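Subject: Structure for you to look at

Hello,

Here is the structure I promised. Please open it beside this email and follow along.

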Amino acid sequence: MSIIVSVKNLTRNFDVSKPWLNRVIERLPKRNLTAVSDVSFEVEENTVYALVGESGSGKSTIGKMIVGLLNPSSGTVEIEGVNLATETDQGKIDVVRSDIQMVFQDPYASLNPRWKVGDIIAEPAAAQGESTDGLSEKLLEQVGLSASDASKFPHEFSGGQRQRICVARALASEPKLIVCDEPTSALDVSVQAQVLNLMSDLKDEFGLTYLFISHDLTVIQHMADKIGVLYLGRLVEEAAPKDLFENPQHPYTQMLLEAAPRMDGFGREIDPPEGEIPDPINPPTGCAFHPRCPLAIANCSAERPQLEARGNGRVACFRAGDV
Amino acid sequence: MIQPVLSVRDLVVEIPTRHGLLKPVDGVSYDIAPGEILGVVGESGAGKSMTGNAVIGLLDRPARIAEGEIHLNGERIDNLSLRELRKYRGKQIGMVFQDPLTSLNPLLPIGDQLTETIQEHLNVSKSEAEGRAVAALEEVGIPAAKERIGSYPHEFSGGMRQRVVIALALCAEPSLVIADEPTTALDVSVQAQITALLKRLCRERGMAVMLVTHDMGVIAETADRVAVMYAGKLAELGPVRDVIGSPRHPYTDGLMGSTPLASKGKDRLHQIPGNMPRLGKLPSGCAFHPRCPYTQGKCKDDPGPRLKTTDGRAACWFPLDGPQAAKGVA
């Protein structure tokens, strides 16, 4: 199988300093927030790679850098072997650009309320100068809506239907890779089931690859072929769902799995995890998880563990063997 | 039998509109005993928040309670004037909302907000109220409560803010707490902390808790009994083990089937066909019948048995005897 996305040492900093004048008057230094730090992974064609993590773990930032909505501070993103940030051959850029699409979390905010659904769906194809005759009607039927919906406006649809429209729009340029940023988080369970089934069907039909970003472990487990767990901008563990859920190697993964509510956990009493995600502006030294980690040793606060192969996956922890 | 803390009987909430009368809550009855957590689940628009708001008298105009009775510790509270209701709100019923940032005043230190509430409801001096505020913050697990009492809401993280909101809801020692999606805006690890906190406080103080949420997992782990709502009506009510383990109402069954679960692997999820009907266009008979795989003639005309008692289980003419959708039967 060929690699469609290859991310190497990806890092992104945001300048969160106060305005220039305040800095001068209050004698404040510049402040940097490292949202993503040294993340490397590869996505194989026609698979689902899932990024999971809590808020502030950098999962959406990675998604945006892959589609090119943000530029990396350092490191590279290669899609089909092309680095969009440095490539100079416009022909290659155009080809790769049309192979990537994105589905966002909030289907209410990601559709233009003044455009007709048909125009919204056809826009990616129109932007590439392709013919759009009957395209939106065909796509609407493929995502389970009717062709006559093309002349309606987004407000006439429910949340689940809108997310179907977003998926139809993503399919318009016949992409190979779709980055889905929390595609079902705003939806009810029964509607979520419909959208997830639709996405699985489309994947098989068109041979799509998904980069699936979510905080919901059960959804991830259902969809993913490979999972990357992020904590404070770093990849701490990567494994296939079976290995990850049955035998988590990183204490953070273990904590997440333990804390996630279970349908069969009637009256389950757990010791809730300690603490919260630290401030990304002043992250802890060494392993960012060490202040919350029950297994932390002296070395954890001094040195940062590297992501290393272990078993069938990769894990960044000094004590992975003892988890 | 112990007297229930909250007893709701045949509650109907109406909203008159230009297009006719809407009933976001239609004939809902349930009790909550002291020390019990009742989970209320349903999808958006099912009327679960509306039920909670009706109990605490926070219905926005033009919504109003049209029928039914609400009793708190044996006293009727649904027909009180705004003035009388103020004595109950905060004092006997505490409320925790979904978004902790918007339910705190951003311009006041949290200590002031707590002491204000305590002095309003309990007859204590300012200094004693401050002492109680610190104690309340300590109880919900805020470290260094004494120093943080002068902090403003924006200085806390989301999880800590929700703890402050819970402290605020509990500081006047209410007998009932309504928690409306208290963990929806929070991360998984913080969610586990907040649900553990709610469970502990409920057990220690013998409070009754009404936990409104859409997350079945949270309900399974936290609630003692669960009420499933669909289109303003109770679809099913019963002990959490029974309702989640062996649903009787086809809607509950479909809901369970569509939740991704570890045990189901990567098979297709069960889909409930169609969408939740709009309140203005409710189908005749049982509101679920157009989406129900077991619909028979009777379902189209007769709205189904209304759940009368606390142990009524399913409001369905043809209740199931165990999970069907999860097995892929439906």
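The contact between the two chains takes 32 residues from chain A and 35 residues from chain B. Two residues are in contact if their C-beta atoms, placed from the backbone, lie within 7 Å. On the side of chain A that touches chain B, the elements giving two or more residues are H7, helix H8 (217-223) and helix H10 (251-259) of chain A. H7(A) gives the most, with six residues. By class, that side of chain A has 15 nonpolar, eleven polar and six charged residues. Ala, Val, Leu, Ile, Met, Phe, Trp, Tyr, Cys and Pro count as nonpolar; Asp, Glu, Lys and Arg count as charged; the others, Gly among them, count as polar.

Some ground rules. This is a predicted model: local features need pLDDT of at least 70, side-chain atom pairs count only at pLDDT 80 or more, and totals for chains, interfaces and linings use all residues. Residues are numbered from 1 along each chain as its sequence is written, while chains are lettered from A and ligands numbered from 1 in the order in which they are written. Helices (H or I, at least four residues) and strands (E, at least two) are DSSP runs, numbered from the N terminus.

Back to H7(A). Helix H6 (residues 159-171) of chain A packs against helix H7 (residues 189-206) of chain A at an angle of about 15 degrees, with the axes 9 Å apart. Axes are lines fitted to C-alpha atoms, for helices over the stretch in contact, and angles run from 0 to 180 degrees between N-to-C directions. H6(A) and H7(A) are therefore roughly parallel to each other. The cut-offs: under 35 degrees is roughly parallel, over 145 roughly antiparallel, 65 to 115 roughly perpendicular, and the rest oblique.

Now a helix pair in chain B. Helix H3 (residues 110-121) and helix H4 (residues 126-139) of chain B cross at roughly 115 degrees, and their axes come within 9 Å. This crossing of H3(B) and H4(B) is right-handed. B:Leu114 and B:Ile118 are among the H3(B) residues there, and B:Ala129 and B:Ala133 among those of H4(B). The contact has five nonpolar, three polar and three charged residues.

Next, strand S8 (residues 208-212) of chain B. How many of its residues are buried? Five of its five. Buried means 20 or more other C-beta atoms within 10 Å of a residue's own; 12 or fewer is exposed, and in between is partly exposed. B:Ala208, B:Met210 and B:Val212 point one way from S8(B), and B:Val209 and B:Leu211 the other way. Strand S3 (residues 37-41) of chain B runs parallel to S8(B), joined by four bridges. Strand S7 (residues 176-180) of chain B is also parallel to S8(B), with five bridges. B:Val212 is the bridge partner of B:Val40 and of B:Asp180.

Last, a sheet in chain A. It is open, has four strands in the order S2-S1-S4-S5, and pairs antiparallel. Two strands pair if DSSP finds at least two bridges between them. The edge strands are S2 (32-44) and S5 (82-83) of chain A. Helix H2 (residues 59-67) of chain A lies across S1 (3-15), S2 and S4 of chain A, at about 120 degrees to S1(A).

Best wishes

Conventions
Left-handed = near helix turned anticlockwise from the far one by under 90°.
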